[in-house]
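My notes follow in the order I checked things.

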Amino acid sequence: NGAVCWGGSHFAPKAPNSTWEVVKGSSTYSRKRLIGCPAGTILVHNDNLAVTDECVSCPYGKYSIVPAVYPDVLAVESASLASELCLLCKTGLQCDGEDSIKARRDY
């Protein structure tokens with residue numbers, strides 16, 4: 001979910017500035033696991049299901065201004081729980097999702 005892999009040697013993360021680590025499997029293969037996401041996103045990392053690794057953006061009306069780091073900061077096992085870790089926009093602010101926070105003009 002969090003990256004595109006093709007040809008066995010090409011790896012392209014979907015989230016810019018995400019951090020990945022190589023985890024050795026058997027003696028014949030290794031895989032990359034997501035361990036860091038940029039501010040404005042929540043890190044999804046399930047130890048038993050590498051294919052679900054991804055950075056999930058905070059939705060409109062919520063925000064996050066710190067990077068997510070597995071396993072301690074803004075990390076969850078399921079994408080369905082990700083937006084619960086984003087902060088609600090405060091009165092007088094406009095939050096367009098991710099790490100976007102602006103003062104409202106009409107406030």
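Is Cys58 buried or exposed? I found Cys58 buried, with a relative accessible area of 4%. Buried means under 20% relative accessible area, exposed over 50%, and partly exposed in between, with a 1.4 Å probe and protein chains only.

I note that this is a predicted model, in which local features need pLDDT of at least 70, side-chain atom pairs count only at pLDDT 80 or more, and totals for chains, interfaces and linings use all residues. Residues are numbered from 1 along each chain as its sequence is written, and side-chain values use heavy atoms, with hydrogens and water left out.

**Disulfides**

I looked for pairs of cysteine sulfur atoms within 2.5 Å, which is the rule for a disulfide. The count comes to three.

Cys58 lies in the loop between β6 and β7 (62-63) and Cys86 in the loop between β9 and β10 (87-88), so the pair ties together parts 28 residues apart in sequence. Cys86 counts as buried at 6% relative accessibility. Helices (H or I, at least four residues) and strands (E, at least two) are DSSP runs, numbered from the N terminus.

Next I checked Cys37 and Cys55, joined S to S at 2.1 Å. Cys37 sits in strand β4 and Cys55 in strand β6, 18 residues apart, so I record a link between distant parts of the chain. The torsion about the S-S bond of Cys37 and Cys55 is about -90 degrees, so this disulfide is left-handed. Both Cys37 and Cys55 are buried.

Then I checked Cys89 and Cys95, with sulfur atoms 2.2 Å apart. The torsion about their S-S bond is about 80 degrees, so the disulfide is right-handed. Cys89 is partly exposed at 24%, whereas Cys95 is buried at 2%.

Numbered in sequence order, the bonded cysteines pair 1-2, 3-4, 5-6. Cys5 is in no disulfide, and the nearest cysteine sulfur, that of Cys55, is 14 Å away. Cys5 is exposed, with a relative accessible area of 56%.

**Strands**

I counted two strands as paired if DSSP finds at least two bridges between them. β3 (residues 19-24) and β4 run antiparallel over six bridges. They form a hairpin with five residues between them. I see Trp20 opposite Leu34 in β4. β4 also runs antiparallel to β8 (residues 68-69), over two bridges. There, Gly36 has Val69 as its bridge partner.

I also traced an open sheet of three strands, in the order β6-β5-β9 with mixed pairing. β6 and β9 (75-76) stand at the edges with a single partner strand each, so one side of each has no neighbour in the sheet. β5 and β9 pair in the parallel sense over two bridges. Leu43 stands opposite Ala75 in β9.
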